[in-house]
Amino acid sequence: MSLELFDWLARGFTQASYWQMAAYFLVVTQLTMMSTTLYLHRSAAHRGVDFHPVVAHWFRFWSWLTTAMVTKEWTAVHRKHHAKCETAEDPHSPRFQGIHRVLWRGVELYQSARLDKDMLEKYGKGSPDDFIERAVYSRVPFMGPTLMLFINVALFGIPGVAIWALQMAWMPFWAAGVINGLGHWWGYRNFDTADTATNLTPWGVWIGGEELHNNHHAFPSSAKFSLRKYEFDIGWAVISGLRALGLAKVLRVAPELDVRPNIPVPDADTMRAVMAHRWQVATDYFQIVLKPHLQAEAADLPRRLRRAFRSEGKWLDEAHRARFSAWIAERPNTARLMEFRARLLAIYDIKSAAAEAKMEALRIWCAEAEASGVRQLEEFSARLKGYSMVPARA
Ligand SMILES: [Zn+2]
Ligand SMILES: [Zn+2]
């Protein structure tokens, strides 16, 4: 074997050191993460941000090259996840599939979900359907990673194969496993959403901001995932940079909440903000009404059951749920507070075209809360009436 060939096999054309290979690996995986979170997730699936056609196309190309993912399939599977969250139809719910299955084999769940043609038509609307999509990206998706393998081998020789293998394992593990699995299982919650979505950490630079999954489920179409001062969304930092260059247009960000003092009856501002901040309403209800009540009345109740009040015991197993319901049934004061909660959240389901019906229901609810004789309910109602929107500054 000639010396040149041996050199090439050992280190490729670049003759890179292992440190340089590691740097390359971090850069390419980070670019893949950005293509997924910024393009597939925030732009294609949720329409929170639009990119300049050149940038959008670059993301599509990079997704194809490094993951073989097809925009329409990814978009559809993901939209279905939001639409059917935590039900048997959710493509990757740890509640139904088991956390180990989603965490370690999440990519298989994705691969089987994407085969459903009706689902693709129903949830995949608005996905790119241009010439290159039809001729290349969706026609020969696996050519992308194959080409990537050749590129890596050319650049780094035999070690390029190892880099490629790690690259191919990176997204399935972090995105399909950690975000879809642990992001509905473990972490902290800013909002008592109707699902189990959690924020994994306040920052996690290598998963693109997707670690803030509870915030995302509370405001799915927001291009920005960080909502607290201590949270950092690297994806949003990249969007801001692209926007400064004129390459991105932010379409939606989560609204901010302002609470006005001394509002006697809910007005149009209240209604708008109550509608936009649905999960903040649920969270405030727990903090202001239920938590102090439980501290006084439920000291004997295990923590798990106390926490279940945030979600009406929905995620408890059968035995615990029976115990939870029986406990409430024996305590009329607690039952009453849970009923108030259910009636408040039911306002969101009023299917009337006239906003007036919702407004009326909210007014009645507040009046009854104030006449209840329960100090915490009065306090909560006073806050709720003051809800208003801070004009969005994206
Ligand atoms: Zn989710
Ligand atoms: Zn989403």
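The zinc ion, ligand 2, has five histidines as its protein donors in this predicted model: His 41, His 46, His 78, His 82 and His 216, each through NE2. These donor atoms lie 1.9 to 2.2 Å from the zinc ion. Along the sequence, the donor residues follow the spacing H-x4-H-x31-H-x3-H-x133-H.

Helix H11 covers residues 213–218, and His 213 is found in it. His 213 has 1% relative accessibility and therefore counts as buried. Beyond its neighbours within four places in sequence, His 213 contacts His 81, Ile 179, Gly 183, His 184, Ala 197, Thr 198 and Asn 199.

I turn now to helix H16. This helix comprises 12 residues, 318–329. At 1.5 Å a residue it should span 16 Å, and its end C-alpha atoms are 16 Å apart, so the two values agree. Which residues of H16 are buried? They are Phe 324, Trp 327 and Ile 328. Viewed down the axis of H16, the buried residues fall within an arc of 95 degrees, and therefore line one face of the helix. They pack against helix H14 (278–297), helix H15 (303–307) and helix H17 (332–346). On the other side of H16, Glu 318, Ala 319 and Ala 329 are exposed.

Notes. Residues are numbered from 1 along each chain as its sequence is written. Chains are lettered from A and ligands numbered from 1 in the order in which they are written. This is a predicted model: local features need pLDDT of at least 70, side-chain atom pairs count only at pLDDT 80 or more; totals for chains, interfaces and linings use all residues. Side-chain values use heavy atoms; hydrogens and water are left out. Helices (H or I, at least four residues) and strands (E, at least two) are DSSP runs, numbered from the N terminus. Buried means under 20% relative accessible area, exposed over 50%, partly exposed in between (1.4 Å probe, protein chains only). Contact means heavy atoms within 4.5 Å. Donors are N, O and S atoms within 2.8 Å of the metal (3.2 Å for Na, K and Ca); water is not among the atoms, so sites may look incomplete. The expected span of a helix is 1.5 Å times one less than its number of residues. The arc is that of the directions from the helix axis to the C-beta atoms.
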